[in-house]
Amino acid sequence: MKHCLIVDDSRVIRKVSRHILESLGFTVDEAENGREGLERCTQSMPDVVLLDWNMPVMSGIEFIVQLRRREGGDKPKVVFCTTENDVAHIREAISAGADEYVMKPFDHETLQIKLQLVGFG
């Protein structure tokens, strides 16, 4: 079964994302910051990571840079989910290793399309 890790400090976003992902056939884990997300990846590397940009403890950019340096860290598809929508932020996310980008708030259809774009449709 496809496995997704949601890394977001908002409990509401994690809950909404979990609901969408489970309806698409994913098993879901959650982390409320980047450090916790990296710990989850150490336990079990996910197929997809939904990643928030602005979080306490460790930001999304710090998370993805560290993830991509780890053994097997090049495997997960990473979709940034954020309110930051300017070109500079998008460019920074992609150059750090993100595969796709989705704006908050997003709905079922939008997330499904982004997952299809990274190969999980």
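**Helix packing and buried residues**

Author: In this predicted model, the axes of helix α1 (residues 11–23) and helix α5 (residues 108–117) come within 10 Å and cross at roughly 60 degrees.

Reader: Which term describes the orientation of α1 to α5?

Author: Angles under 35 degrees count as roughly parallel, and 65 to 115 as roughly perpendicular. The axes of α1 and α5 cross at roughly 60 degrees. The orientation of α1 to α5 is therefore oblique.

Reader: Which residues of α1 and α5 make the contact?

Author: The crossing of these two helices, α1 and α5, is right-handed. By class, their contact has four nonpolar, two polar and no charged residues. On the α1 side the contact is made by Ile20, Leu21 and Ser23, and on the α5 side by His108, Leu111 and Leu115.

Reader: What is the orientation of α3 to α4?

Author: Helix α3 (residues 60–69) packs with helix α4 (residues 87–96) at an angle of about 20 degrees, their axes being 9 Å apart. Angles under 35 degrees count as roughly parallel. The orientation of α3 to α4 is therefore roughly parallel.

Reader: How many residues of the contact of α3 with α4 are charged?

Author: The crossing in which α3 passes α4 is left-handed. Ile61, Ile64, Val65 and Arg68 of α3 meet Glu92, Ala93 and Ala96 of α4. In this contact of α3 with α4, five residues are nonpolar, none is polar, and the number charged is two.

Reader: Are the buried residues of α2 on the same side or on opposite sides of the helix?

Author: In helix α2 (residues 34–43), the buried residues are Gly34, Gly37, Leu38 and Cys41. Because they cover an arc of only 100 degrees around the axis, these residues of α2 lie on the same side.

Reader: What covers the buried residues of α2, and which exposed residues does the face turned away carry?

Author: The cover over the buried residues of α2 includes β1 (2–7), β2 (26–31) and α3. The face of α2 turned away from its buried side carries the exposed residues Thr42 and Gln43.

Reader: Is Pro76 buried or exposed?

Author: Pro76 has its place in the loop between α3 and β4 (77–82). Leaving aside neighbours within four places in sequence, Pro76 is in contact with Met45, Pro46, Asp47, Val49, Leu67, Arg68 and Asp99. Buried means under 20% relative accessible area. The relative accessible area of Pro76 is 1%, so Pro76 is buried.

Definitions and conventions
Residues numbered from 1 in each chain as written. Predicted model: local features only at pLDDT ≥ 70, side-chain atom pairs only at ≥ 80, totals over all residues. Heavy atoms only, no water. Axes fitted to C-alpha atoms, helices over the stretch in contact; angles between N-to-C directions. Helix = DSSP H or I, 4+ residues; strand = E, 2+ residues; numbered from the N terminus. Parallel < 35°, antiparallel > 145°, perpendicular 65-115°, else oblique. Left-handed = near helix turned anticlockwise from the far one by under 90°. Contact = heavy atoms within 4.5 Å. Nonpolar A, V, L, I, M, F, W, Y, C, P; charged D, E, K, R; others polar. Buried < 20%, exposed > 50% of the residue type's maximum accessible area, 1.4 Å probe, protein only. Arc of directions from axis to C-beta.
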